[in-house]
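I opened a new model today and kept notes as I went. The entries are in the order of my checks.

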Amino acid sequence: RLLDMRDQHLAKLAALREVEATRAKQGDSSAYLILRFGIEFNQWIADWCERAAERLGAEPVAAEGGKP
(Lines give C-alpha, C1' and ligand atoms only; values in the text may rest on other atoms or scores of the structure.)
Protein backbone atom coordinates (compact mmCIF):
# COMPACT_ATOMS: atom_id res chain seq x y z
CA ARG A 1 0.00 0.00 0.00
CA LEU A 2 1.17 3.46 -0.81
CA LEU A 3 0.91 4.92 2.68
CA ASP A 4 2.80 1.96 4.14
CA MET A 5 5.55 2.51 1.58
CA ARG A 6 5.58 6.21 2.43
CA ASP A 7 5.97 5.40 6.12
CA GLN A 8 8.88 3.03 5.42
CA HIS A 9 10.72 5.73 3.49
CA LEU A 10 9.99 8.34 6.16
CA ALA A 11 11.54 6.01 8.74
CA LYS A 12 14.65 5.59 6.55
CA LEU A 13 14.73 9.34 6.08
CA ALA A 14 14.62 9.97 9.83
CA ALA A 15 17.52 7.56 10.37
CA LEU A 16 19.59 9.22 7.63
CA ARG A 17 18.88 12.67 9.07
CA GLU A 18 20.11 11.47 12.47
CA VAL A 19 23.35 10.37 10.81
CA GLU A 20 23.61 13.74 9.09
CA ALA A 21 23.09 15.59 12.37
CA THR A 22 25.99 13.77 14.01
CA ARG A 23 28.44 14.27 11.15
CA ALA A 24 30.27 17.34 9.97
CA LYS A 25 28.63 18.59 6.80
CA GLN A 26 31.51 18.36 4.39
CA GLY A 27 30.05 19.25 1.00
CA ASP A 28 33.08 17.98 -0.88
CA SER A 29 33.13 14.59 0.90
CA SER A 30 31.97 11.63 -1.21
CA ALA A 31 30.48 10.02 1.92
CA TYR A 32 28.42 13.16 2.62
CA LEU A 33 27.32 13.27 -1.01
CA ILE A 34 26.07 9.69 -0.77
CA LEU A 35 24.29 10.50 2.50
CA ARG A 36 22.57 13.48 0.87
CA PHE A 37 21.54 11.27 -2.05
CA GLY A 38 19.89 8.85 0.39
CA ILE A 39 18.10 11.68 2.17
CA GLU A 40 16.78 13.29 -0.99
CA PHE A 41 15.90 9.94 -2.63
CA ASN A 42 13.83 8.76 0.34
CA GLN A 43 12.16 12.17 0.67
CA TRP A 44 11.16 12.08 -3.00
CA ILE A 45 9.69 8.58 -2.70
CA ALA A 46 7.75 9.49 0.46
CA ASP A 47 6.37 12.62 -1.21
CA TRP A 48 5.45 10.68 -4.37
CA CYS A 49 3.61 8.03 -2.34
CA GLU A 50 1.66 10.74 -0.53
CA ARG A 51 0.64 12.43 -3.81
CA ALA A 52 -0.28 9.10 -5.43
CA ALA A 53 -2.40 8.07 -2.43
CA GLU A 54 -4.22 11.40 -2.56
CA ARG A 55 -4.89 10.99 -6.29
CA LEU A 56 -6.25 7.50 -5.72
CA GLY A 57 -8.53 8.61 -2.93
CA ALA A 58 -6.19 8.12 0.04
CA GLU A 59 -6.13 4.67 1.55
CA PRO A 60 -7.69 4.44 5.00
CA VAL A 61 -5.15 4.42 7.81
CA ALA A 62 -5.33 1.23 9.90
CA ALA A 63 -5.59 1.42 13.66
CA GLU A 64 -2.60 -0.01 15.48
CA GLY A 65 -2.56 -3.76 14.98
CA GLY A 66 -5.93 -3.72 13.23
CA LYS A 67 -7.35 -3.50 9.77
CA PRO A 68 -8.93 -0.32 8.40
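Below are my entries on one helix, its packing and its charged pairs.

**Entry 1: the model.** I am working from a predicted model, not an experimental one.

Entry 2: I started with helix 2, residues 30-55.

**Entry 3: helix ends.** I looked at the start of helix 2 next. A side-chain oxygen of Ser-29 comes within 3.2 Å of the backbone nitrogen of Ala-31 there. Just past the other end, I noted Gly-57 with a positive phi of about 95°.

**Entry 4: the buried face.** Which residues of helix 2 are buried? I list Tyr-32, Leu-35, Gly-38, Ile-39, Asn-42, Ile-45, Ala-46, Cys-49, Ala-52 and Ala-53.

**Entry 5: a nonpolar patch.** Met-5, Trp-44 and Trp-48 make a nonpolar patch of about 310 Å². Trp-48 belongs to helix 2. Its relative accessibility is 34%, so I log Trp-48 as partly exposed.

**Entry 6: salt bridges, overall.** Opposite charges on side chains can pair when the charged atoms come close. With a cut-off of 4 Å from nitrogen to carboxyl oxygen, I get four salt bridges.

**Entry 7: Arg-6 and Glu-50.** The closest N and O atoms of this salt bridge are 2.4 Å apart. Arg-6 sits in helix 1 and Glu-50 in helix 2, so I record a link between distant parts of the chain, 44 residues apart. Is Arg-6 buried or exposed? At 17% relative accessibility, Arg-6 counts as buried, since the limit is under 20%. Glu-50, at 27%, is partly exposed. I also traced a salt-bridge network that joins Arg-6, Asp-7 and Glu-50.

**Entry 8: Glu-20 and Arg-36.** These side chains form a salt bridge at 3.1 Å, N to O. Glu-20 is in helix 1 and Arg-36 in helix 2, so the pair ties together parts 16 residues apart in sequence. I have Glu-20 as buried, at 11% relative accessible area. Arg-36 is partly exposed, at 25%.

**Entry 9: Arg-36 and Glu-40.** Arg-36 also forms a salt bridge with Glu-40, with the closest N and O atoms 3.2 Å apart. How far along helix 2 are the two from each other? They are four residues apart, which means about one helical turn.

Conventions:
Residues are numbered from 1 along each chain as its sequence is written. This is a predicted model: local features need pLDDT of at least 70, side-chain atom pairs count only at pLDDT 80 or more; totals for chains, interfaces and linings use all residues. Side-chain values use heavy atoms; hydrogens and water are left out. The expected span of a helix is 1.5 Å times one less than its number of residues. Buried means under 20% relative accessible area, exposed over 50%, partly exposed in between (1.4 Å probe, protein chains only). A polar contact is a pair of N or O atoms within 3.5 Å; within protein, one must be able to donate a hydrogen and the other to accept it, and residues adjacent in sequence count only if both atoms are side-chain atoms. Patches are made of residues with over 30% relative accessible area and no salt bridge: like charges are joined within 9 Å, nonpolar side chains (Val, Leu, Ile, Met, Phe, Trp, Tyr) within 5 Å. Accessible areas come from the Shrake-Rupley method with a 1.4 Å probe; for residues, only the protein chains shown count as cover.
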